[in-house]
Amino acid sequence: MKPIYILLLIAVYFCVLLTIAYFTGKNDSNDTFFKANKKSPWYVVAFGMIGASLSGVTFISVPGWVQSSQFSYMQIVFGYLFGYFVIAYVLIPIYYRLKVTSIYEFLKHRFGPKTHKTGAFFFFISRVLGASFRLFLVASVLQYFIFDAWNVPFEITVILSILLIWIYTFKGGIKTIVWTDTLQTLFMLIAVFATIFIILGELDWTVSELFASSEFNSYSKIFFFDDFNNKTFFLKSFLGGMFIAIAMTGLDQDMMQKNLTCKNTKEAQWNVISLGFVLIIVNFIFLTLGALLFIYAEKFGIQIPLVDGKPKTDLLFPEIALKGGLGITIGIVFILGLIAAAYSSADSALTSLTTSYCIDFLDIENKEKTTQKTLRKRAHIAISILLIVVIIIFKHVLQDNVISSLLQVASYTYGPLLGLFAFGIFTKINIKDQFVWFIAIISVIATYFLNLYSQTLFDGYVFGYELLIVNGLFTFLGLLTIQKRMDK
């Protein structure tokens, strides 16, 4: 598929998004930008959150992960479901009862302003890195398959990507995103099913023949019980997935901001629980696609693309879709799916970061009414620039598979949030607010060194995504050391 055709397709796609933004952004108020006026239908939010939860990382990186990890990712996904039940019946009632705009306002109510800002800071770091990981992936694909042919620098590709998001979110904010995410989720799912159907046709297989084949079975092992020290061991992956869902969805302003646009607690709970079940099915389909891609590549002699001389499995899907001889149809559905998946999470990240910065750091709701909108728009621009800078840095430092890197970083940045919220919800202990930031930073450092030397300390044990739980536990225990003594 020629680069100019891909570019025209992207342009048409963004014209559709801009049309949605025009109608949803007519009321350019902070209440619309931050809360969507609390009028979003729960089923629209739930469907749109599929795309936001999966993102471009899942669209490309999960299929590319199959070669090294088979279907072990499903163990994490099963854990997600249990995490979503905790979100629905523990966290969401608290957020609605307190009527928060930013979920980190809970920490201010419970402990004080310093804890509030500590929680918001760790979210800010987490989401900047997470959004940058996702956007780095889609920018890399656009660069490799479009802009390299025209000698356009990677930096320009990144700037254009962020600029497009900024254009359709700067007025309507979360209200626009609730509806654009719905469209983007639809495009993403169509792309996956269409790709599977086309590749099965090329292999002359039915779905049942695929599942019965020895080639598929060589990639599709789900459960790993044989080596407790390995990071893919079932219990470690399951618990890690459960707490990743709690932290990266329930304690994440980006994901919760959409939930908080629902009319009431019950509708928000329906949204989260339905999402948990749907993600099991959708992730299995993505992994099935991954197996198909490697089977197809092996049969037709397609090499995994090299980046800086090293195989990059994240690029196998686009390599087959755009250069694998499967025709223009698969190229079109791949580009639509990729852009939809990537921007459905990136646009909401930009909006949630703007929301958190305005509410948690600028205290915008207590500013003069005449300046609130201006402050919000300036914050929106500043965060856009920050994302550009971080993505460009990633080009020079990121080596691993993107989803693996994303979940590893989450173990460090979301751990303090997990510990803070658990302490606030499950204890009634008051703490010295001014020392919370110190405890959070020490917990991250301790977790890093524990992970670094785990094989030496624990007879070959390698931490997986349960490292997030350890980080949260360190924070929880650290908070006990700064509790306030009761006056006698």
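Okay, housekeeping. The model is predicted, so local features need pLDDT of at least 70 and side-chain atom pairs count only at pLDDT 80 or more, while totals for chains, interfaces and linings use all residues. Residues are numbered from 1 along each chain as its sequence is written, and side-chain values use heavy atoms, with hydrogens and water left out.

Overall picture, then. The protein chain has 21 helices and two strands; those are DSSP runs, H or I with at least four residues for helices and E with at least two for strands, numbered from the N terminus. Of its 488 residues, 60% count as buried, and buried here is under 20% relative accessible area, exposed is over 50%, and partly exposed is in between, with a 1.4 Å probe and protein chains only. Now contacts, meaning heavy atoms within 4.5 Å. Taking those with a separation of 6 or more, 85% come from residues 24 or more positions apart.

Let's go to a helix pair. How do α4 and α13 pack? Their axes are 9 Å apart, at an angle of about 170 degrees. The axes are lines fitted to C-alpha atoms, for helices over the stretch in contact, and angles run from 0 to 180 degrees between N-to-C directions. So α4 and α13 are roughly antiparallel; the cut-offs are under 35 degrees for roughly parallel, over 145 for roughly antiparallel, 65 to 115 for roughly perpendicular, and oblique for the rest. The residues of that contact are 22 nonpolar, four polar and no charged. By the way, Ala, Val, Leu, Ile, Met, Phe, Trp, Tyr, Cys and Pro are the nonpolar ones, Asp, Glu, Lys and Arg are charged, and the others, Gly among them, are polar.

G276 sits in α13, residues 265-300, and is buried at a relative accessible area of 2%. Setting aside neighbours within four places in sequence, G276 contacts L81 and Y84.

Staying on α4, look at L91. L91 is buried too, at 4% relative accessibility. Not counting residues up to four places away, L91 touches V86, I246, G250, L251 and I425.

Next, the second largest pocket, with about 280 Å³ of space. Which helix gives the most to the lining? That's α18, with six residues. Helices supplying at least two each are α4 (73-98), α11 (234-250), α18 (415-426) and α21 (467-480). The lining comes to 15 nonpolar, two polar and no charged.

Q70 isn't a glycine, yet has a positive phi of about 55 degrees. Q70 is in the loop between α3 and α4, partly exposed at 23%. D363 also has a positive phi without being glycine, near 50 degrees. D363 lies in the loop between α15 and α16, and is partly exposed at 35%.

That's my tour.

Conventions:
1 Å grid on protein atoms, 1.4 Å probe; cavity = no way out; pocket = protein on both sides within 12 Å on 5 of 7 lines; lining within 4 Å. Points joined across faces, edges and corners; volume = space filled by probe spheres on them.
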